[in-house]
Amino acid sequence: MKEYSRYLERAAGITQRERKVLPPEHREHKTMKAMVLENVSPIENKPLKLVELPQPVPGRGQILVRVSACGVCHTELDEIEGRVPPSTFPMILGHEIVGRVEGVGLGATKFKRGDRVGIAWINWACGKCSFCLNGEENLCEAAKWTGKDAYGGYAEYTVVSEDFAYTIPGRFSDVKAAPLLCAGVIGYRALRLSGMEDGKVLGLYGFGASAHIVIQVARYKYPNAKVFVFTRPHQREHQELARKLGADWIGATGDTPPEKLNCAIDFTPVGEPVREALRNLQKGGRVVVNAIRKTTPIPELHYTEHLWYEKELKSVANVTRRDAQEFLPLAAQIPIVPETQEFRLEDANQALILLKEGKIQGAAVLRMAEATKD
Ligand SMILES: [Zn+2]
Ligand SMILES: [Zn+2]
């Protein structure tokens, strides 16, 4: 308990002196429930432990958020299993956070108590390096990531700089808004980077949380485009969802679609679909890989078959605040209908095991007691 307490104070950047001038509700430690990761481990060992911790306190420029829903992202599996380890342990994972402002730190003016906000993967960036100055804060060397370098949303409360919180459009419930904050935002970024235009053919490899949102964006922005979806052969329910959301053709990874792809996005955690997407790509087309890590290597590429004719291969890394600020209003305008599967906070291990097995329809969301749902 002491160890967590010290860490939380450090994470909040608050000194004892500052605590004394805080509003009375933040001067004393209150507690909260959280699922914490203490060590890297296979998810099958259920490494997330339910613990009681001191509530964080909003530091200078920060807000205290009472979490009502937190999406479950594949990146959590990469953190838990050590492919993208948290920068410190214990860590509270979770970066698709929806909640309400319950406290405001010194100097924070953008939100007031009761406002509903979202928090995404980007937790902080330096604002001074060449990447930040160029609008590429997703590449900032000093950036901090929610649930990896700063405590995230697998908890009843969290704190964040007010500059890295977003207003959630009113049409989404807390549960439905959660997956928009990573699956949605990064999918939107990947679609933009793919160079997609109306009338072209888009291929989506993998049909989980992100892809099922991207197809809705693509259908809205590019009404005359064709969207082809590739899943693992046994994923009948994923294929059914793709059909419901307007896919023009659905097949298994390894299949050859009826037309070449101008743009393709690979959402899978494995290497093979990257080569498959390049094989099915039209001349001058582009494949975007939307994954933070791959659990298996990309098989050997043959220059003539996979890359010649000006084919391009590009990865997508992280998100910027601009991605979130652009995507959230667009999601409301379309409107995106996220498919969600709810779990209790204490069942986070189970949600992640199902995610690893490819058995989640749409997006898994941890729902706290007071969350709004449709
Ligand atoms: Zn994510
Ligand atoms: Zn920077």
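Modeller: The residue to begin with is N318, which is found in the loop between β15 (312–315) and α11 (321–333); helices (H or I, at least four residues) and strands (E, at least two) are DSSP runs, numbered from the N terminus. The model is a predicted one, in which local features need pLDDT of at least 70 and side-chain atom pairs count only at pLDDT 80 or more, while totals for chains, interfaces and linings use all residues. Residues are numbered from 1 along each chain as its sequence is written, chains are lettered from A and ligands numbered from 1 in the order in which they are written, and side-chain values use heavy atoms, with hydrogens and water left out.

With a relative accessibility of 16%, N318 counts as buried. Buried means under 20% relative accessible area, exposed over 50%, and partly exposed in between (1.4 Å probe, protein chains only). Leaving aside residues up to four places away in sequence, N318 touches W121, N138, W145, I186 and R189, where contact means heavy atoms within 4.5 Å. The side chains of N318 and W121 are joined by a polar contact of 2.8 Å. Such a contact is a pair of N or O atoms within 3.5 Å; within protein, one must be able to donate a hydrogen and the other to accept it, and residues adjacent in sequence count only if both atoms are side-chain atoms. The N318 side chain also reaches the backbone oxygen of N138, at 2.8 Å.

Next come the charged pairs. The structure holds 26 salt bridges, each being a side-chain nitrogen of Lys or Arg within 4 Å of a carboxyl oxygen of Asp or Glu. One of them links K294 and D266, whose closest N and O atoms are 2.5 Å apart. K294 lies in the loop between β14 (281–289) and α10, and D266 in strand β13 (residues 261–266), so the pair ties together parts that are 28 residues apart in sequence. K294 is partly exposed, at 22% relative accessible area, whereas D266 is buried, at 0%.

Another salt bridge joins the side chains of E276 and R279 (2.8 Å, N to O). These two residues are three apart in helix α9 (residues 272–279), and therefore separated by about one helical turn. E276 is buried, with a relative accessible area of 8%.

Finally, at the surface, Y303 is found in helix α10 (residues 303–307) and is exposed, with a relative accessible area of 55%.
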